Amino acid sequence: MMRQLMTTMLHPSVKKPSLTDTTVTVAKFAAAGDVGAQAAGLSGFGLDLYGGECVLAGVRWHDQPRGYQHMSVMALTNRRTIVGGYSSAKGELNAQGFAVAHDELLGVQAKSSLLTTQFSLLTPAGPRSMAQLYVECKEIEGVFQALLSQPPGTRGEPPTAPIMPNAADVTGALGAMQALWTQDAEAYQLLQTIDANVRAARLTPPDGEDLAARTVLWHRSRASGPASYGAAYLSPLGADDFANVLTSVLGQPLAYQQPRPGMHTLDFAIDPKRDALSPALSALGIASYFGLGFGFSPGQLIAAQMLAKRPTTQLRVVYGDVKGGCSYEMYANSGVKLETVEAMMAHGVHQLLIHSAGPILSRRAQVGWGPRYGELFA
């Protein structure tokens, strides 16, 4: 049903009124990947990628008056609506982060006057406001009204079954090759390599099965955005590789702890006047970050951030190996979730981890999980 609604009720567009600094983007299906990734990163809610959740459409409002940055982004998936916000100044956009299952929607509240516009999704947890997005894209009311016309239990697609190994496909890689969401030559080649190396006994079947699943996660993350693991996010990397990617960009950590077996924390110092993320993201060609002019432009974003809200000076990452990946959460300064104070930094870290994973997974497909990160590219 959701796919049909997207086809008939939302119309792709990019609007940039000539007299303002505002850009409004409406995207659908494969073209909505960047917007969906932003919504998942800014909101604090990753996607159930192993279960087949995917972004079908997205709406993004982006304004940059006088050097400040303001953004509100919505992703419509095949099960939920995810909304996230960001501002380089103090304001409610920094706390705009929620996800609503379509089967749990109770109603829509829309009010307009000469002075104000209100638009909220009514949920069991209370109303969830998305007025700015409604102002720029009135079509979304029709989408939600159409969803509400259907009974709960029929408004989303059920979870998809994982691709399972069998006698002819001992890692599941061959099945995964046929089930990629988009044309992805890199993921296809990596799955071929995993299957070939297991058959040649250069890689054990358990390692091959694990790496095939992570390749699927990597592919889907690039197509739709960061994955979820409960209330945390999920990277396709192993914990050792994950930590090394972060330190290669953010520098040596201030502290490392292991609060319990299998769980780790890294604390990094963040210099508000020095942008460590942008060069790494630029090298990876991540359009969803730089296509909007984010990153530190001299005298603009830094000045706005320092004048308007407390700068983020410390980042704590809590991470650990789990089945099929590495779960992680990010906190700023005194322990608040990073996405509630510097959501674009959170989005940048998610994209760094996703797009750095390909070469690492490729090496793991050759040598397995035995070697440490420092030995992979020696």
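## A first walk through the model

L121 stands opposite R128 in strand β9. This is a predicted model, in which local features need pLDDT of at least 70 and side-chain atom pairs count only at pLDDT 80 or more, while totals for chains, interfaces and linings use all residues. Residues are numbered from 1 along each chain as its sequence is written, and side-chain values use heavy atoms, leaving out hydrogens and water. Helices (H or I, at least four residues) and strands (E, at least two) are DSSP runs, numbered from the N terminus.

Let us start with the sheet around β9. Three strands make up an open sheet, ordered β7-β8-β9, with antiparallel pairing. At the edges are β7 (107-112) and β9 (126-129), each pairing on one side only. From one strand to the next, the twist averages 25°. Helix α4 (residues 139-148) packs on this sheet, where α4 touches β7 and β8, and its direction makes about 150° with that of β7. Such angles run from 0 to 180 degrees between N-to-C directions, using axes fitted to C-alpha atoms (for helices, over the stretch in contact).

Here are some strand pairs, where a pair needs at least two bridges found by DSSP.

| Strands | Bridges | Sense |
|---|---|---|
| β4 (residues 70-77) and β5 | seven bridges | antiparallel |
| β5 and β6 (residues 97-101) | five bridges | antiparallel |
| β8 (residues 117-123) and β9 | four bridges | antiparallel |

Between β4 and β5, which form a hairpin, there are two residues. Is strand β5 (residues 80-87) mostly covered or uncovered? It is mostly covered, with eight of its eight residues buried; buried means under 20% relative accessible area, with a 1.4 Å probe and protein chains only. In a regular strand, side chains alternate between the two faces of the sheet. Here R80, I82, G84 and Y86 point one way from β5, while T81, V83, G85 and S87 point the other way.

Helix α2 (residues 33-43) is also mostly covered, since 10 of its 11 residues are buried. After α2 comes G44, with a positive phi near 90°.

Now for the rings. The structure has six aromatic pairs, that is, rings of Phe, Tyr and Trp (its six-membered ring) with centres within 6.5 Å; planes under 30 degrees apart count as stacked, over 60 as edge-to-face and the rest as tilted. F119 and Y134 have ring centres 4.5 Å apart and planes at 15°, so this pair is stacked. The pair links F119 in strand β8 with Y134 in helix α3 (residues 131-136), 15 residues apart. The rings of F242 and Y328 are tilted, because their planes lie at 50°, with centres 5.1 Å apart. F242 belongs to helix α8 (residues 239-250) and Y328 to strand β15 (residues 325-332), so the pair ties together parts 86 residues apart in sequence. Ring pairs also join Y233, F242, Y319 and Y328 into a cluster.

F242 and Y319 turn up again in the largest nonpolar core: of its 49 residues, F242, V317 and Y319 touch the most other members. Helix α12 (residues 343-367) contributes nine residues, the largest share of this core. Among the members of a second, separate core of 30 residues are V83 and M130. A nonpolar core is a set of buried Ala, Val, Leu, Ile, Met, Phe, Trp, Tyr and Cys residues joined through side-chain atoms within 4.5 Å.

Methods
Buried means under 20% relative accessible area, exposed over 50%, partly exposed in between (1.4 Å probe, protein chains only). Contact means heavy atoms within 4.5 Å.
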